[in-house]
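Let's take a walk through this structure together. Have the viewer ready and follow along one piece at a time.

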Amino acid sequence: MTDAFPCESHSPPRTAENHTNVDLRLDHEGGIFASIPASVGKRTETPSGAIIDASRPAGSMSFRSNAEFATVMLAPSIGMQSAFASDRVETFDARIGTLIINPAGIDRFLRWDSEKKNVSIAFAQRAYAELAAAELDGATWELRPPAFGHVDVNALRLARVLSGELAGTSINALHIESLLIVLGVHLIRKYSSAKRNPSKPAMTGLSAASAKRVVAYMREHLAKDISVAELAREAQLSRGHFLRAFARSFGVAPHQYLLNLRLLAAEDLLLGTDHPIAEVAYESGFSSQSHLTSVMKRFRQVTPARLRHTR
């Protein structure tokens, strides 16, 4: 595949060391990033898409994705080379915050001469189509990648938060999915060929009935991973609109509200039962006793054991 990308005259061909051919497909066993080696970085997948916090040595890569795919640079890479389809290779300096957008179904080539650190996000097609339908005017649209080397400060801010979430000992799936949706909406609004529909009414908060259904759903499913799609269905809104409406109604994001509900449930169990602390953690939606302890210390300034001793 590399031969399809001729080098510029001022940049002679180099040995394709550490070259990888990747086909990012949603139907791959193991998820969107199944074809990328686990050594590249920590990753997770949600109903809206997948993210990988990548760190790779100097090398090159040819790939095609059947899903919309974006990369945000977390460290600079001087003299990076890239090409779309059979276009000529372009050389550019990828500064921190450089955003590279890869539309679905397009062959891409990348080459870098130093360690490359970035967050990469692939969006599930159905979820991305839903975001586009809610945000845009018209059924047909396509992403328009920015020029090579383009820096997007908003995308960098979201990418850094996503990277921080993946670096933690316990992944907050609802928070990560929410961030993916916010980033997806940002890309659609700023880099899409379609225009936003000015006739769409301004987004308000959740109705009282919707808010009641959403909170009841959270309480009922505290011990399981809850997705943005599930909560949006309860509110009868698209995912992007739900996130904005929830924040307007409650003043916090859904993952923050859910975390507080879980802490309240854990406190009730610690004070009202003799269940082991590990069991309390799982019953209230935390991944482990240590996860509950770290979250409780952070937000309540007390450990589960010390709280129980106050009975």
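Keep in mind that this is a predicted model. Arginine 262 is buried, yet has no salt bridge. The nearest side chain of opposite charge belongs to aspartate 225, and is 5.1 Å away; a salt bridge would need a side-chain nitrogen within 4 Å of a carboxyl oxygen.

The buried residues of α4 pack against α5 (228–235), α6 (239–250) and α7. Helix α4 covers residues 208–220, and its 13 residues should span 18 Å at 1.5 Å a residue, which agrees with the 18 Å between its end C-alpha atoms. Buried in α4 are Ser210, Ala211, Val214, Val215, Tyr217 and Met218. Because they cover an arc of only 155° around the axis, they lie on the same side of α4. Turned away from that buried side are the exposed residues Ala208, Lys212, Arg219 and Glu220.

Next comes helix α9, residues 289–300, whose twelve residues reach 15 Å from first C-alpha to last, close to the 16 Å expected. Its buried residues are His291, Leu292, Val295 and Met296. Their arc around the axis is only 120°, which puts them on the same side of α9. An α-helix has 3.6 residues a turn, so residues three or four places apart point the same way. The buried residues of α9 pack against α7, α8 (277–283) and α10 (304–308), while Ser290 and Arg298 are exposed on the other side. After α9 comes glutamine 301, with a positive phi near 55°.

Note on methods. Residues are numbered from 1 along each chain as its sequence is written. This is a predicted model: local features need pLDDT of at least 70, side-chain atom pairs count only at pLDDT 80 or more; totals for chains, interfaces and linings use all residues. Side-chain values use heavy atoms; hydrogens and water are left out. Buried means under 20% relative accessible area, exposed over 50%, partly exposed in between (1.4 Å probe, protein chains only). Lys and Arg count as positive and Asp and Glu as negative; His and the chain ends are not counted. Helices (H or I, at least four residues) and strands (E, at least two) are DSSP runs, numbered from the N terminus. The expected span of a helix is 1.5 Å times one less than its number of residues. The arc is that of the directions from the helix axis to the C-beta atoms. Contact means heavy atoms within 4.5 Å.
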